[in-house]
Amino acid sequence: MSEGTHKISGAPPSSGTGRSVFWFVVLVWPVVVALVALRWSGALHLSDELAQRPRVVVMDVQGTIQAEVTRLGGDDAALKVAIGHVQDVARDLRSQGYVVLDQSYVYAYPQSIEVRTEEEGAPASPAGTGGQK
């Protein structure tokens with residue numbers, strides 16, 4: 001090469017095809033490497049894992065038992081019936097694939113996962129509960 005025509009080693013090639021390959025490598029290669037790394041690490045499967053997690057409902061166990069006991073007369077027999085009712089609803093929800101949490105043990109939750117009685121004007125409860133706690 002003559003003195004006036006020095007080629008810079010880091011400059012993109014001057015031909016059209018060479019430039020395309022250069023820009024492909026510069027712009028697309030990092031994206032491909034990032035996607036392969038994410039796939040390898042398992043981060044791309046997060047939505048699959050979230051879809052497999054159980055559904056959750058929150059019950060006000062104490063409030064429901066108190067309301068049932070008051071409604072049924074307030075004696076020991078009413079307490080046993082109320083506790084049995086709450087346990088039956090929890091078992092029914094569990095058999096449908098729900099995790100049932102007591103409201104007193106949950107710090108915060110969206111009201112859409114709360115199981116409420118029909119008297120409280122609850123929106124649709126999880127399937128199979130009949131709107132009962």
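**Reading burial, core and packing**

Mentor: Let us begin with a single residue in this predicted model: Glu114 is buried, because its relative accessible area is 13% and the cut-off for burial is under 20%.

Trainee: In which strand does Glu114 lie, and which residues does Glu114 touch beyond four places in sequence?

Mentor: Glu114 belongs to strand β3, which covers residues 114-115. Leaving aside residues up to four places away in sequence, Glu114 is in contact with Val58, Gln103 and Tyr109.

Trainee: How many helices and strands does the protein chain contain, and in what pattern do they follow one another?

Mentor: The protein chain has five helices and three strands. Along the sequence they are arranged as α-α-α-β-α-α-β-β.

Trainee: What percentage of the residues is buried, and what share of the contacts with a separation of 6 or more joins residues 24 or more positions apart?

Mentor: Burial applies to 18% of the 133 residues of the protein chain. Among contacts with a separation of 6 or more, 57% link residues 24 or more positions apart.

Trainee: Which residues make up the largest nonpolar core?

Mentor: A core of this kind is read as buried nonpolar residues joined through side-chain atoms within 4.5 Å. Here the largest one has ten residues: Val57, Met59, Ile65, Val69, Ala82, Val86, Val89, Leu93, Tyr98 and Val115. At least two of its residues come from each of β1 (55-59), α4 (61-72) and α5 (76-95). The largest share, four residues, is supplied by α5.

Trainee: Which residues does Ile65 touch, beyond those up to four places away in sequence?

Mentor: With those sequence neighbours not counted, Ile65 has contacts to Leu79, Ala82, Ile83 and Val86.

Trainee: At what angle do α4 and α5 pack, and how far apart are their axes?

Mentor: The angle between α4 and α5 is about 140°, and their axes are 8 Å apart. The pair is therefore oblique, as angles over 145 degrees would be needed for roughly antiparallel. The crossing of α4 past α5 is right-handed.

Trainee: Which residues of α4 and α5 meet, and how are they divided by class?

Mentor: On the α4 side the residues are Val61, Thr64, Ile65, Glu68, Val69 and Leu72; on the α5 side they are Ala78, Leu79, Val81, Ala82, Ile83, His85 and Val86. By class, this contact comprises ten nonpolar, two polar and one charged residues.

Notes:
Residues numbered from 1 in each chain as written. Predicted model: local features only at pLDDT ≥ 70, side-chain atom pairs only at ≥ 80, totals over all residues. Heavy atoms only, no water. Buried < 20%, exposed > 50% of the residue type's maximum accessible area, 1.4 Å probe, protein only. Contact = heavy atoms within 4.5 Å. Axes fitted to C-alpha atoms, helices over the stretch in contact; angles between N-to-C directions. Parallel < 35°, antiparallel > 145°, perpendicular 65-115°, else oblique. Left-handed = near helix turned anticlockwise from the far one by under 90°. Nonpolar A, V, L, I, M, F, W, Y, C, P; charged D, E, K, R; others polar.
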